[in-house]
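Subject: Structure handover and notes

Hello,

Please find the structure below, with its sequence. My notes come after it.

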Amino acid sequence: MASSQLLLSLAAAVPAALLSGVLTWAIRPQLIRIALAKPNARSSHRIPTPQGAGIAVIAATLIAAVTVIAFAGAAEIKIPVAVFGATLFIAAVGFADDVNSIPVAPRLLLQGLAVAVVILAAPESLRIVPACPLWLERGLLFLAGLWFVNLVNFMDGLDLMTVAEIVPVTGALVLLGWLAELPTSMTVAAAALFGAVLGFAPFNRPVAKIFLGDVGSLPIGLLVGWCLLQLAWHQHFAAALLLPLYYLADATVTLFRRMARREPFWAAHRTHFYQRATDNGFSASRVVSEVFALNILLAALAIGSAMTSSTAAAILLFIVGGIATALLMHRFSRRQASSG
């Protein structure tokens, strides 16, 4: 089973990377005309930059994943139609927002519809806490999914930041698919997204030639959230939290801080820890490098937690990940001493 998943994952990742790179290069001239992100007081870039490369990333991901799953030749490997359909829908919502901003309320409503489709399409037998009423668990998962989709969007505010997050997360998901007998469809989708994000990376390295845009960050959040949910449903709850822990911690702590200060938390801002780091003297490359290094550690801890049969060991690994995340956020919040 592991060897077949390895072959399927490679068959998805490599074409996705190539297709993503080619499509990103091809659509960039058109996006300069219709989806140009101009610098403002809240942005991290200084020159007008096209956004919308998520079109290439998501197209490459879904084409590679669907093709591999469809031709895998195994009856038990099913294309998650609802998940992929919801991904296309939320990508369309994101692109519309990239071109002409959508008000908060209808935007959240449309995002919620996509998340609800993913949650409702899951069999009732898939449970995280069997003792909890199904309606309550699914309701909480809906809220968590809506938050996760948005926090991935919020954290996509620095060159290569999403690459530094998604590559380790999806890479670990593929490894867990090989090791922990997770659904093949999830493993293939994660591998395809891994490849597609790598194909986009050369265009997004500082100074970025193009951004993902909401058309990329929102469906990436939905796909990764679905994969993490598969981990939780297979009782790898610590791993499901460890993998996105930096994004979860930065975005959630920032949200609560803004709410405590009675700021309009739904409005764009520059108070995430990674944004404060650049204001405090960290270069964009250093911020991304440190986030990437943390995510490699979190991925290793997540894999360890999934492999152990000890609840105490899984909790200990989660605590280690939490401490490492808190330390990095603390570093980002402190001004760097001048080298002069």
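The notes below cover the helices, the cavity, the aromatic rings, the backbone and a few distances.

This is a predicted model, in which local features need pLDDT of at least 70 and side-chain atom pairs count only at pLDDT 80 or more, while totals for chains, interfaces and linings use all residues. Residues are numbered from 1 along each chain as its sequence is written, and side-chain values use heavy atoms, with hydrogens and water left out.

Helices

Helices here are DSSP runs (H or I, at least four residues), numbered from the N terminus. The expected span of a helix is 1.5 Å times one less than its number of residues. Helix H2 (residues 54-70) has 17 residues and should therefore span 24 Å; its end C-alpha atoms are 23 Å apart, which agrees.

For burial, I use relative accessible area with a 1.4 Å probe and protein chains only: buried is under 20%, exposed is over 50%, and partly exposed is in between. H6 is mostly covered, with 17 of its 20 residues buried. In H2 the buried residues include Gly 54, Val 57, Ile 58, Leu 62, Val 68 and Ile 69.

Cavity

A cavity is a set of points, on a 1 Å grid over the protein atoms alone, where a 1.4 Å probe fits but cannot get out; lining residues have an atom within 4 Å of a point. Grid points are joined across faces, edges and corners, and a volume is the space filled by probe spheres set on the points. The structure holds 1 cavity of 30 Å³ or more. The largest cavity has about 30 Å³ of space. Its lining is made up of Phe 148, Val 152, Glu 165, Ile 166, Val 169, Val 224, Pro 244 and Tyr 247. Helix H5 (134-155) and helix H6 (161-180) each supply at least two of the lining residues, and H6 gives the largest share, 3 residues.

Aromatic rings and cysteines

Rings of Phe, Tyr and Trp (its six-membered ring) pair if their centres lie within 6.5 Å; planes under 30 degrees apart count as stacked, over 60 as edge-to-face and the rest as tilted. A search of the whole structure finds 3 aromatic pairs. One of them is the edge-to-face pair of Tyr 246 and Phe 332, at 6.5 Å centre to centre with 90 degrees between the planes. This pair links distant parts of the chain, as Tyr 246 is in helix H10 (residues 245-260) and Phe 332 is in helix H13 (residues 311-332), 86 residues apart. Both Tyr 246 and Phe 332 are buried. Ring pairs join Tyr 246, Phe 282 and Phe 332 into a cluster.

A charge sits over a ring if NZ of Lys or CZ of Arg is within 6 Å of the ring centre and within 35 degrees of the ring normal. The charged end of Arg 276 is placed this way over the ring of Phe 273, 4.7 Å from its centre.

What did the disulfide search of the whole structure find? With a disulfide taken as a pair of cysteine sulfur atoms within 2.5 Å, the search finds 0. Cys 132 counts as buried because its relative accessibility is 18%, and Cys 227 is buried at 3%.

Backbone

Most residues other than glycine have a negative phi, and most peptide bonds are trans. Leu 160, in the loop between H5 and H6, has a positive phi of about 70 degrees although it is not a glycine. Gln 235 also has a positive phi, near 65 degrees; Gln 235 is in the loop between H8 and helix H9 (237-242) and is exposed, at 52% relative accessible area. A cis peptide bond joins Pro 206 and Val 207, with omega about -5 degrees. Val 207 lies in the loop between H7 and helix H8 (214-233).

Distances

Val 197, in helix H7 (residues 184-204), is buried at 2%. Val 197 and Ile 220 are 23 residues apart in sequence and 9.6 Å apart in space, C-alpha to C-alpha. Gln 336 lies in the segment after H13 and counts as partly exposed at 27%.

Regards

Note on methods. On a 1 Å grid over the protein atoms alone, a cavity is a set of points where a 1.4 Å probe fits but cannot get out, and a pocket is an open set with protein on both sides within 12 Å along at least five of seven lines; lining residues have an atom within 4 Å of a point.
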